[in-house]
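Please look at the sequence and structure first.

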Amino acid sequence: MDRISWNEYFMAQSRLLSFRSTCTRLAVGATIVRDKRIIAGGYNGSIAGGDHCIDEGCYVIDNHCVRTIHAEMNALLQCAKFGVPASGADIYVTHFPCLQCCKAIIQAGIKTVFYAMDYKNHPYAIELFNKAGVKVEQVASLPITIGGNDEEKQKLVESLIGLLKENGLDETTAAYFDDKSKSLFHT
Ligand SMILES: [Zn+2]
Ligand SMILES: [Zn+2]
């Protein structure tokens, strides 16, 4: 069994949170971490009790959905709401933060931003992070998917193994791939 790194673990947490997103435009997750402990998390969504983009459609002004609070902001606001200091903590975000979130992250005293995917990385955001001495690092994200059509995938692999057998693949090798695919797919 491979042991995952702390970076992979916290980014996986952000990735999981992103699956809670209610905006159809982009699903983002953010996790705030201090001393290897998760202190807050957020995803992009409406205010509590508000309409969801997934139900009502996005509320778009100037090509931006104004209904949602960004994941990073939600995570920082969770700190504010429950009185948890964000100063000196790190944040793991699935996507490079927008300019507004970048400023909030700096102002809240976050010291490192770990992000998985590039997303319109604004040069001014990079400049501000540099000036504020906030470290920005891109880290790999584990391949986490939800609702991944495992049944369909397994059937496809099964039919490929069948085809290979017809074309002379020996039983032992075929059985190995068969077992392996069954252990990989959660059907
Ligand atoms: Zn939206
Ligand atoms: Zn943002």
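## Annotated region

Over residues 5–132 the chain is 38% helix and 23% strand. The model is a predicted one.

## Helices H3 and H4

Two packed helices are described by the angle between their axes and the distance between the axes. Helix H3 spans residues 71–82 and helix H4 spans residues 99–107. Their axes lie 9 Å apart, and the packing angle is about 30°. Because angles under 35 degrees count as roughly parallel, H3 is roughly parallel to H4. The crossing of H3 and H4 is left-handed.

On the H3 side the contact involves Glu72, Met73 and Leu76, and on the H4 side Cys101, Ala104 and Ile105. The residues of this contact of H3 with H4 comprise 5 nonpolar, no polar and 1 charged.

## Helices H4 and H5

H4 also packs with helix H5, which runs over residues 123–132. The angle here is about 10°, and the axes are 9 Å apart. H4 and H5 are therefore roughly parallel to each other.

From H4, the residues Leu99, Cys102, Lys103 and Ile106 take part in the contact. They meet Tyr124, Ala125, Leu128, Phe129 and Ala132 of H5. Sorted by class, the contact of H4 with H5 has 8 nonpolar, no polar and 1 charged residues.

## Helix H6

Helix H6 covers residues 150–166, a run of 17 residues. From its first C-alpha to its last, H6 reaches 24 Å, close to the 24 Å expected at 1.5 Å a residue. Just after H6 comes Gly168, with a positive phi of about 100°.

## Helices H6 and H7

Which way does H6 run relative to H7, roughly parallel or roughly antiparallel? Helix H7 takes in residues 171–184, and H6 and H7 pack at an angle of about 180° with their axes 10 Å apart. Because angles over 145 degrees count as roughly antiparallel, H6 is roughly antiparallel to H7.

H6 contributes Gln154, Val157, Ile161, Leu164 and Lys165 to the contact, while H7 contributes Ala174, Phe177, Asp178 and Ser181. By class, the contact of H6 with H7 has 5 nonpolar, 2 polar and 2 charged residues.

Definitions and conventions: Residues are numbered from 1 along each chain as its sequence is written. Chains are lettered from A and ligands numbered from 1 in the order in which they are written. This is a predicted model: local features need pLDDT of at least 70, side-chain atom pairs count only at pLDDT 80 or more; totals for chains, interfaces and linings use all residues. Axes are lines fitted to C-alpha atoms, for helices over the stretch in contact, and angles run from 0 to 180 degrees between N-to-C directions. Helices (H or I, at least four residues) and strands (E, at least two) are DSSP runs, numbered from the N terminus. Angles under 35 degrees count as roughly parallel, over 145 as roughly antiparallel, 65 to 115 as roughly perpendicular and the rest as oblique. A crossing is left-handed if the near helix is turned anticlockwise from the far one by less than a right angle, and right-handed if clockwise. Two residues are in contact if their C-beta atoms, placed from the backbone, lie within 7 Å. Ala, Val, Leu, Ile, Met, Phe, Trp, Tyr, Cys and Pro count as nonpolar, Asp, Glu, Lys and Arg as charged, and the others, Gly among them, as polar. The expected span of a helix is 1.5 Å times one less than its number of residues.
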